[in-house]
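Work through the exercises below with the sequence and the model open. Each task is followed by a solution in steps.

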Amino acid sequence: QASQEELRAAYRRLCMLYHPDKHRDPELKSQAERLFNLVHQAYEVLSDPQTRAIYDIYGRRGLEMEGWEVVERKRTAAEIREEFERLQREREERRLQQRTNPKGTISVGIDATDLFDRYDEEYEDVPGSSFPQIEINKMHISQSIEAPLTSTDTAILSGNLSTQNGNGGGSINLALRRVTSAKGWGELEFGAGDLQGPLFGLKIFRNLTPRCFITTHCALQFSSRGVRPGLTTVLARNLDKNTMGYLQWRWGIQSAMNTSIVRDTKTSHFTVAMQLGIPHSFMMVSYQHKFQDEDQTRVKGSLKAGFFGTIVEYGAERKISRHSVLGATVSVGVPQGVSLKIKLNRASQTYFFPVHLTDQLLPSAVFYATVGPLVIYFAMHRLVIKPYLRAQKERELEKQRENAASDILQKKQEAEAAVRLMQEAVRRIIEAEEARMGLIIVNAWYGKFVNDNSRKNEKVKVIDVTVPLQCLVKDSKLILTEASKAGLPGFYDPCVGEEKSLKVLYQFRGVLHQVMAADNEALRIPKQ
């Protein structure tokens with residue numbers, strides 16, 4: 001965002017600092033020539049609106065490979081930016097066409113009612129009856145892949161297999177979706193299964209207004225009993241920036257009318273819904289609180305009451321790695337009993353384990369379903385997950401350091417050369433600042449600081465940047481913008497990939513002050 005005047009001022013200042021004629025020592029003169037040429041090259045790029053626009057978008061790669069061809073036929077910076085963004089979109093579309101976007105779900109139902117609902121008289125003569133019987137009573141596997149055919153057409157292939165108490169079946173579906181305009185799309189669906197006959201469906205999505213859309217799904221299910229038609233229509237509207245209202249009408253298979261309001265904000269998710277239908281009618285309220293922490297912790301609860309009974313659910317979910325989210329929910333209902341549902345989302349795959357504990361409302365089952373997962377999670381997090389993530393992070397940092405080793409070595413040599421070239425200028429700046437009781441940098445360090453006792457085993461990695469910072473002082477002020485400080489003259493990155501800070505001890509009007517700023521945080525001293 002720097003203006004041309006700011007660029008010129010910075011260029012003049014660095015030219016005065018690095019000009020070879022200002023240094024008599026042959027070694028310093030050689031270092032000055034190299035840095036002076038780098039400054040001149042940078043100014044040539046940034047002072048030209050066309051090349052600056054290319055550099056802003058693609059960096060040096062744009063200048064070396066693609067930029068000059070664009071400059072020949074595009075005149076303004078805005079046109080260059082538009083052209084490069086168009087090329088970028090085309091590359092993204094080509095990359096998208098090579099992806100299949102797989103999504104899958106594996107659900108394993110576990111019957112653990114023998115833990116709480118045992119009847120001892122039935123087990124007296126059965127060998128091994130002292131051990132509760134825990135068994136898998138149902139499983140479900142589904143998978144889908146997408147294949148972009150053109151920029152507007154996509155084929156979606158999906159299938160599922162289900163089994164419960166020894167009986168099961170499966171089905172396979174093929175859908176062809178076409179984006180007809182910016183306002184809508186249509187989808188044709190064909191399916192078949194061993195338990196049900198062929199299925200033909202049509203789904204249409206349409207934006208009616210910028211705040212309202214409608215979705216209609218028609219289906220014909222063929223079976224030995226004849227043809228079963230079905231129709232589902234959903235009308236949705238933005239009630240405000242964070243709230244959506246839905247009206248749904250379903251006719252045919254399990255006919256029902258449903259209305260719901262969903263409010264989703266940065267810190268919460270709230271849903272209220274009511275359904276009138278055959279065979280189920282119910283009312284439901286749910287709330288989820290989103291904590292603004294690094295692990296994206298969420299706590300949720302819901303109440304659902306209808307003709308089938310009443311169910312209360314509560315639970316939590318948390319991010320355990322970059323691509324994985326683990327969640328657990330306790331379900332307590334009449335007449336359903338008590339269940340524990342464990343879910344793991346790994347990228348686009350979902351693993352779901354519903355564990356049925358008891359058919360009755362037993363306080364012991366509710367207690368163990370609530371406390372058990374918490375104890376196991378915190379033990380696993382401390383003994384397995386945390387050490388694994390720490391080791392993974394170390395491996396990534398080590399790989400990053402290896403890849404950047406030669407570049408960092410060059411930057412370090414440039415920074416050390418720059419500091420040697422700054423000595424004379426810094427001496428004059430300090431003399432001027434002392435004369436006016438102005439700003440004097442006593443000490444400054446940049447890098448990784450360890451202030452937390454929990455991280456006391458980690459190594460401090462900092463470099464002394466007192467001279468480079470003093471060189472940036474002008475008229476008793478030091479102003480740093482919102483950018484990584486590793487790019488400042490005389491600086492380099494002492495700990496690639498790790499969190500860095502700048503710590504400054506300075507004197508102003510004869511009084512000592514200390515300030516600490518994050519790597520990308522703007523800094524202005526003296527502070528008011």
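Angles between axes under 35 degrees count as roughly parallel, over 145 as roughly antiparallel, 65 to 115 as roughly perpendicular and the rest as oblique. The axes are lines fitted to C-alpha atoms, for helices over the stretch in contact, and the angles run from 0 to 180 degrees between N-to-C directions. This is a predicted model, in which local features need pLDDT of at least 70, side-chain atom pairs count only at pLDDT 80 or more, and totals for chains, interfaces and linings use all residues. Residues are numbered from 1 along each chain as its sequence is written, and side-chain values use heavy atoms, with hydrogens and water left out.

**Exercise 1. Helices α1 and α2**

Task: Find how α1 and α2 are oriented to each other, and which residues make the contact.

Solution. 
Step 1. Two packed helices are described by the angle between their axes and the distance between the axes.
Step 2. Helix α1 covers residues 4-18; its axis and that of α2 are 9 Å apart, at an angle of about 170 degrees. Helices (H or I, at least four residues) and strands (E, at least two) are DSSP runs, numbered from the N terminus.
Step 3. The two helices are therefore roughly antiparallel.
Step 4. On the α1 side the contact (heavy atoms within 4.5 Å) is made by Gln4, Leu7, Arg8, Tyr11, Leu14, Cys15 and Tyr18, and on the α2 side by Ala32, Leu35, Phe36, Val39, His40, Tyr43 and Leu46.
Step 5. By class, these are eleven nonpolar, two polar and one charged. Ala, Val, Leu, Ile, Met, Phe, Trp, Tyr, Cys and Pro count as nonpolar, Asp, Glu, Lys and Arg as charged, and the others, Gly among them, as polar.
Step 6. Ser3 lies in the segment before α1. Ser3 and Ser47 are 44 residues apart in sequence, and their C-alpha atoms are 9.6 Å apart in space.

**Exercise 2. Helices α2 and α5**

Task: Describe how α2 crosses α5.

Solution. 
Step 1. Helix α2 (residues 26-46) and helix α5 (residues 363-435) have axes that come within 10 Å and cross at roughly 110 degrees.
Step 2. The pair is therefore roughly perpendicular.
Step 3. From α2, the residues in contact are Leu28, Gln31, Ala32, Arg34, Leu35 and Leu38; from α5, they are Glu414, Ala417, Ala418, Arg420 and Leu421.
Step 4. Seven nonpolar, one polar and three charged residues make up this contact.

**Exercise 3. Backbone exceptions**

Solution. 
Step 1. Most residues other than glycine have a negative phi, and most peptide bonds are trans.
Step 2. The bond from Val334 to Pro335 is cis, with omega near 5 degrees. Pro335 sits in the loop between β15 (324-334) and β16 (337-346).
Step 3. The bond from Ile525 to Pro526 is also cis, with omega near 5 degrees; Pro526 is in the segment after β23 (523-525).
Step 4. Ala347 has a positive phi of about 55 degrees and belongs to the loop between β16 and β17 (349-358). With a relative accessible area of 62%, Ala347 is exposed. Buried means under 20% relative accessible area, exposed over 50%, partly exposed in between (1.4 Å probe, protein chains only).
Step 5. Ser476 has a positive phi of about 60 degrees and lies in the loop between α6 (466-471) and β20 (478-480). Ser476 is buried, at a relative accessible area of 10%.
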